[in-house]
Amino acid sequence: MIHKVQIELGGRTFSMETGRIAKQANSALWVQHGDTVVMVTACRADRPNEDRTFLPLTVEYREKAYAGGRIPGSIFKREARPSEKETLSARLTDHPLRPTFPKEYAYETQVYITILSADGENDADVLGMVGASAALCLSDIPFEGPLGSVRVGRVSGEWVVNPTFQQLEESDIEMIVTCSQTEIVSIEGGAHEISEADMLEALRFAHAQILPLLDLQRELIKLVGKKKLVLEKAKTDPALIKAVEELAAGPIAKANRTQSREDRHALIEQLTAEVQANLAERFPKGAKDIDELLYQMVRMDMRRMVLMEKKRIDGRELTQVRPISCENSVLPRTHGSAIFQRGHTQALCVATLGSKPDERMVDDLRGKSFKSYFLDYNFPPFSTGEVRRESGPKRREIGHGHLAERAIEPVIPAVDAFPYTIRLVSDILESNGSTSMATVCGCSLALMDAGVPIKSAVSGAGVGLVKEGDEWELLTDIQGTEDFLGDMDFKVAGTAEGITAIQLDMKIRGISFEIMEAALERAREGRFHILAIMNECLAAPRPELSKFAPRILFIRIDPSKIGAVIGPGGKMIREIEKTGASINVEDDGTITIASVEASAAATARRMIEDLTSDAEIGRIYNGTVKRIMPFGAFVEILPGKEGLLHISELDHKRVEKVEDVVQEGQRIEVKVIDVDNTGKMRLSHKATLANPKEKN
């Protein structure tokens, strides 16, 4: 039986339907907003995976090219590996779902989001998130939903829910917010330097728009919701619990108060080995339970330190940022470079400037487009002292890179004012928390080191949370252990003027607006502290571009003359590029000339101007004699442009034979004395010579 529910959202109908498609899945929905349609399914394995050490959830997000009336652009003409957009959208759904599963849940679960129709106005990612929540709620999977998600924009001072792509072009904020009935679960977005007060207002607006989406899901649950799977909570032998606590409580307290990360980890590893050995005979099957008990003891002791002692495991105050150091111009031949270090997190960031052909192509449901600014983030295994096989950028790297790229984008100069393609690369050399925010800081410095005229430096800070019941404390600039054992990873980037990017990931079901307001203020303080240190390193962009960066010139020619610049089979453009400059020709007649050497660019420009300029009557040219005829000579004054130099125009005196004055291949000065309707030119050499009669 088909069941459908709908509401009005942002002036368009938002609907969810179940019972028509994918009926062999545990649950399946058809979600539609405007003419954008998303199918979402949820499935779980029949048996639990008892060996799992984390929630066995996979979220897949797949765009079908036919959804936008397109055929895939790959050589195979079919959908291939997920694009960056698909990867980011999958993460967008995965992160808020995870905290809503019971800890005991061990069944492999897959949420599959498929984009079936794209209207070019409504983005499908938030539909996928709402559909995922609804699919899990309707299934027998023990999911503690529902959750709702919307995109927020602000156009002409007015908040807009799920703005269209066109509205986003005019919006000063784009943020995706996921909420439960009372709490904020996830935030992902960027803005053009907005204040913390405006950010809070945007979140409250989003929450108000989400509440009807939660009611809509509850309506479906009443109609077709399945009975939830009952989980058996694992029971640990009380005697084992007591034995571990007696052996480990004191050493764990000592280890957690050891400020050196290396020493702390060594103490915990040593303690684990000792406890396992001590209890192996009494509890021969308890090794796995012992590891879990020790982990929980370390976690709870760390949290008690924060909540009761107001201290952190590395000895810092709750509001204290780790020591920071900055260096710029660390690589001699790159266009701009910097190393940003905060505690044991270190990012090597490099800025590279290119020309228009260096732009990155994006091929998605909206068609092909090009990016003149982009950022790549790399997280090699040595940054955490690990060994693992490398196989291209993973979801984490793509997600962190996107966040940093979004944070810096508002300060990047417009292409019209700065006609360069800008690529930023962040290589994480050491990792101990907030590598994405270190990337923001390091890449901002690298841009200024390259001489890119960004309007302001951008910094970023992470804020963590420890919450037990009604008690909570925020932690400024969390390190890896605090992220792992804490409840929140909240990242905010921006300039001195305001926020440019924000991301909230939760380990618990959500946070209140009270905590969010305090976290925004804590992030602002941390951001300003870091910005002040960055300004001591490099306060403004260098006045000149790096000497290794290309110099770019623009020429605009009549589009009908593009063929003359390119030449037959590209002959002319290859000749021009022998100067050392690279040439890019647009259909509208815009020609971009890029060269590291200014002289090469100038030479290339002169050659193009010669190829495309028209002869001017009265102007003197230095031409080449191409052919000699009895009645005169044909002289090429511009590439491909010849005129007739009549025998009577060779000299003031009578000339019997043309060869008496000029030879083929000879360079000769001529003046254009006439151009007829067809473009034929009449030239004169004698007009460039002094008239002997006038001297007399």
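Colleague: Hi! How many salt bridges does the count come to?
Modeller: The count comes to 50 salt bridges in this predicted model.

Colleague: Which side chain does Arg70 meet in a salt bridge?
Modeller: Arg70 meets Asp363, at 2.7 Å from N to O. That pair links distant parts of the chain, 293 residues apart: Arg70 is in the loop between β5 and α1, and Asp363 is in strand β14.

Colleague: Nice. Which residues are linked in a network of salt bridges?
Modeller: Arg312, Asp314, Arg316, Arg322, Arg342, Asp477 and Glu482.

Colleague: Switching topic: is Ser383 buried or exposed?
Modeller: Buried, because its relative accessibility is 7%, under the 20% cut-off. Ser383 lies in the loop between β16 and α8, and a polar atom of its side chain is 2.7 Å from the backbone oxygen of Pro380. Leaving aside neighbours within four places in sequence, Ser383 contacts Ile428, Leu429, Glu430 and Ser431.

Colleague: Last one: in what order do the 3 strands of the open sheet come?
Modeller: β22-β24-β23, with antiparallel pairing. β22 and β23 each have a single partner strand, so one side of each has no neighbour in the sheet. The twist averages 20° from one strand to the next.

Colleague: Over how many bridges do β22 and β24 pair?
Modeller: Over 6 bridges, and Phe554 stands opposite Thr592 in β24.

Methods
Residues are numbered from 1 along each chain as its sequence is written. This is a predicted model: local features need pLDDT of at least 70, side-chain atom pairs count only at pLDDT 80 or more; totals for chains, interfaces and linings use all residues. Side-chain values use heavy atoms; hydrogens and water are left out. Two strands pair if DSSP finds at least two bridges between them. Helices (H or I, at least four residues) and strands (E, at least two) are DSSP runs, numbered from the N terminus. Axes are lines fitted to C-alpha atoms, for helices over the stretch in contact, and angles run from 0 to 180 degrees between N-to-C directions. Buried means under 20% relative accessible area, exposed over 50%, partly exposed in between (1.4 Å probe, protein chains only). A polar contact is a pair of N or O atoms within 3.5 Å; within protein, one must be able to donate a hydrogen and the other to accept it, and residues adjacent in sequence count only if both atoms are side-chain atoms. Contact means heavy atoms within 4.5 Å. A salt bridge is a side-chain nitrogen of Lys or Arg within 4 Å of a carboxyl oxygen of Asp or Glu.
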